[in-house]
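Dear colleague,

I am handing over the structure we spoke about, and I would be grateful if you could look through it alongside the notes that follow.

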Amino acid sequence: MARARKSAMHGTSDPAWRPKIGLALGSGVARGWAHIGVLRALERYGFKPDVVAGTSVGALIGGTYLAGRIDPLEAWVRALNKVKIVSYLDFRVRGGGMIGGRHLVEAMQKHLGDTRIEDLPVPFVAIATDLTTGHEVWLRSGSLVEAMRTSFSLPGAFEPVLKDRRWLVDGALVNPVPVSACMAMGAQMTIAVNVNTDIIGKQRRIGSSFPSIAGFDLLQEIENAKASGKGSKLSALARRVFRREPTQPSMFGVMISSLGIVQDRISRSRLAGEPPDVHITPRLGHVGLFEFDRADEIIAEGEAAVERALPDLRDALAIFGRELNGEGNGRGESDAQKKAAR
């Protein structure tokens, strides 16, 4: 028993007592790169997930991690600059979204190929939303790339995905930080990573009355990419969508900012009713949703967030370890099972 307690303090894996860990990776667009740093730090301290649930960019990072391709993904995101970002986003205004996503899918398929969810080493679920009914949809089998692409189909930005005769969009509309999915898959200790805990009001520029949700002038970067030969010409309608007057936000900015607010409020509500055992909260309110080129600092903040949460992680692991061994309140595994069934 002494050895078990020592292991709990250091976050190592001992199958004889270790709880089944569920990791919920939340949505957040560019801020989601923090999940890479979180995964690196958790692994360094011995917290390897037995169940992973991801929404939007959380599904992208979680699925890539379980497929064993997190190293190429990290190298790719650290090499991004604004011109490269625009080259991957095939902008247009048709088909239910302003971004087709074809270039992103090609990049994912290059590294993940035909990987299927059921072939991953631990259970994985990507969260999506049924556009017609508003139902929460759990993608637990089939093509990993397709599931990840579906989960990050931000309404109005990315085209929705037709799957099994249902149009599916971003899971952030219903479950931005999918703790409930981890519980349903049998997790006895849940760790949630929420990258949107400090976004309200942080995006307002000095002297401006409105938020700069992308973090930079998206239309200008699109024009720069076009000039460099790495972007395509925008239609007149698309230019109107992205264009911003000096004293007011763009149509695109209003839409994305509004979705961010809705996502934040839904996250607060869901986490209040389905609280994780450990809540990891990277401080990223200063990062624009499309500032994918700030990967170095975003990933570093993900690691820093784990360092701040380390005492809670170790305490939770020790407590659940004692319960699994029948110590403490004597409830043992049945309590964890009740929690998973909630």
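Of the 342 residues in the chain, 55% are buried, where buried means under 20% relative accessible area, exposed over 50% and partly exposed in between, with a 1.4 Å probe and protein chains only. Please note that this is a predicted model, in which local features need pLDDT of at least 70 and side-chain atom pairs count only at pLDDT 80 or more, while totals for chains, interfaces and linings use all residues. Residues are numbered from 1 along each chain as its sequence is written, and side-chain values use heavy atoms, with hydrogens and water left out.

Among the contacts (heavy atoms within 4.5 Å) with a separation of 6 or more, 76% come from residues 24 or more positions apart.

The chain has 13 helices and eleven strands, taken as DSSP runs (H or I of at least four residues for helices, E of at least two for strands) and numbered from the N terminus. The axes of helix H3 (residues 57–66) and helix H7 (residues 144–151) come within 8 Å and cross at roughly 160°, the axes being lines fitted to C-alpha atoms over the stretch in contact and the angles running from 0 to 180 degrees between N-to-C directions. On H3 the contact is made by Ala59, Leu60, Gly63 and Thr64, and on H7 by Leu144, Met148 and Ser151.

As for aromatic pairs (ring centres of Phe, Tyr or the six-membered ring of Trp within 6.5 Å; planes under 30 degrees apart stacked, over 60 edge-to-face, the rest tilted), the whole structure holds three. The ring centres of phenylalanine 290 and phenylalanine 292 lie 5.8 Å apart with planes at 90°, so this pair is edge-to-face. Both phenylalanine 290 and phenylalanine 292 are buried, and ring pairs link Trp33, Phe290 and Phe292 into a cluster.

Best wishes
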